[in-house]
Amino acid sequence: MEQRELGTSGLRVSALGLGCMGMSEFYGATSEAEAVATIRRALDLGVTFLDTADMYGVGKNEELVGRAIAGRREEVVLATKFGNVRGPNGEFLGVDGSPQYVRDSCEASLRRLGVGTIDLYYQHRVDPKVPIEETVGAMSDLVTAGKVRYLGLSEASAATIRRAQEVHPIAALQTEYSLWTRDVEAEILPVVRELGIGFVAYSPLGRGFLTGAFKKPEDVGEGDFRRHSPRFMGDNFAKNRALVDVVTEVARAKNATAAQVALAWLLTRGSDIVPIPGTKRVRYLEENVRATELSLAAGELALIEKTFSVGVAAGTRYPEAAMAAVGR
């Protein structure tokens with residue numbers, strides 16, 4: 001597996017990471033045994049960059065990841081996040097970037113993960129009530145204390161990124177980026193490249209839509225949050241499905257899958273970009289890894305980019321309330 005450096009931070013990670021969120025929540029039924037097997041198979045294949053957060057499964061995902069990497073900690077670049085607050089019953093209570101919350105969240109994550117140090121610690125969402133300088137200052141103290149190695153932000157605006165970088169070097173920005181979510185190309189990518197910050201692309205498969213697995217809205221199962229995603233609903237679904245058909249045709253001609261084509265495209269966008277496709281199954285993990293070996297010809301890239309021009313996807317990427325929390 002190719003290694004990529006996150007910006008100029010010195011932190012090197014596998015070119016493809018593994019998003020662990022769906023192993024505990026949001027995407028329907030889960031199996032802990034299969035999830036653990038998927039994480040361990042990822043390590044076997046050289047996918048050593050694992051991504052979790054304290055809000056996934058209300059802490060359960062961090063515990064699962066901790067169990068999966070037990071005895072193999074030295075193989076892993078471990079990333080987790082804080083800031084999205086949830087109650088004991090899973091209810092969402094807002095965003096907290098206060099220094100005390102930063103410290104308390106880190107201690108809780110270390111405990112759940114069963115590790116002494118977090119390799120990359122992100123603020124999951126920016127708290128508009130707390131100056132970013134105070135939040136990153138508290139995060140910087142965690143680095144000084146040896147509890148965290150590198151710092152990151154998620155879904156932050158260009159202005160916020162610049163202010164944060166003045167306080168402490170930011171190793172990575174994690175933001176959604178895929179064929180149907182290319183907004184970051186206008187301002188965010190240029191800013192992080194200017195500042196020497198790496199870019200971690202979450203939902204690089206459009207929450208599974210870009211794989212071509214969904215033929216109609218009803219294919220999204222009960223208990224799956226995508227049922228409430230604007231891009232998976234009504235007329236938006238049909239419009240977006242027509243876009244995916246182009247990826248499927250390219251994939252068929254190359255004896256590949258649509259998922260592999262979507263990931264291969266993203267891997268061409270720059271050596272400082274690291275996609276972290278999420279999966280809870282070994283077979284999809286193995287399929288995703290093979291995308292690192294897939295080359296797209298100039299004509300194929302041109303067709304894909306013409307089809308997926310910036311802003312072409314129908315519907316916002318989150319429901320209205322959740323959209324309000326991104327780009328702060």
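1. In this predicted model, the axes of helix 7 (residues 234-253) and helix 8 (residues 258-267) come within 8 Å and cross at roughly 100°. Since angles of 65 to 115 degrees count as roughly perpendicular, helix 7 and helix 8 are therefore roughly perpendicular to each other.

2. On the helix 7 side, the contact involves Val247, Thr248, Val250 and Ala251; their partners in helix 8 are Ala258, Val261 and Ala262.

3. The structure contains 10 aromatic pairs. One of them joins Phe26 and Phe225 in an edge-to-face arrangement, with 5.8 Å centre to centre and 70° between the planes. This pair links distant parts of the chain, 199 residues apart: Phe26 belongs to the loop between strand 3 (18-19) and helix 1 (32-44), and Phe225 to the loop between strand 11 (198-202) and helix 7. Phe26 is buried, at a relative accessible area of 17%, whereas Phe225 is partly exposed, at 26%.

4. Phe82 and Tyr121 form a tilted aromatic pair, 5.1 Å centre to centre with 35° between the planes. Phe82 lies in strand 5 (residues 77-82) and Tyr121 in strand 8 (residues 118-123), so the pair ties together parts that are 39 residues apart in sequence. Both Phe82 and Tyr121 are buried.

5. One aromatic cluster is formed by Trp180, Phe209, Phe214, Phe232 and Phe237. The charged end of Arg231 sits over the ring of Trp180, 4.9 Å from its centre.

6. The charged end of Arg86 sits over the ring of Phe92, at 4.4 Å from the ring centre.

Notes. Residues numbered from 1 in each chain as written. Predicted model: local features only at pLDDT ≥ 70, side-chain atom pairs only at ≥ 80, totals over all residues. Heavy atoms only, no water. Axes fitted to C-alpha atoms, helices over the stretch in contact; angles between N-to-C directions. Helix = DSSP H or I, 4+ residues; strand = E, 2+ residues; numbered from the N terminus. Parallel < 35°, antiparallel > 145°, perpendicular 65-115°, else oblique. Contact = heavy atoms within 4.5 Å. Phe/Tyr/Trp six-rings, centres within 6.5 Å; stacked < 30°, edge-to-face > 60°. Buried < 20%, exposed > 50% of the residue type's maximum accessible area, 1.4 Å probe, protein only. Lys NZ or Arg CZ within 6 Å of the ring centre and 35° of its normal.
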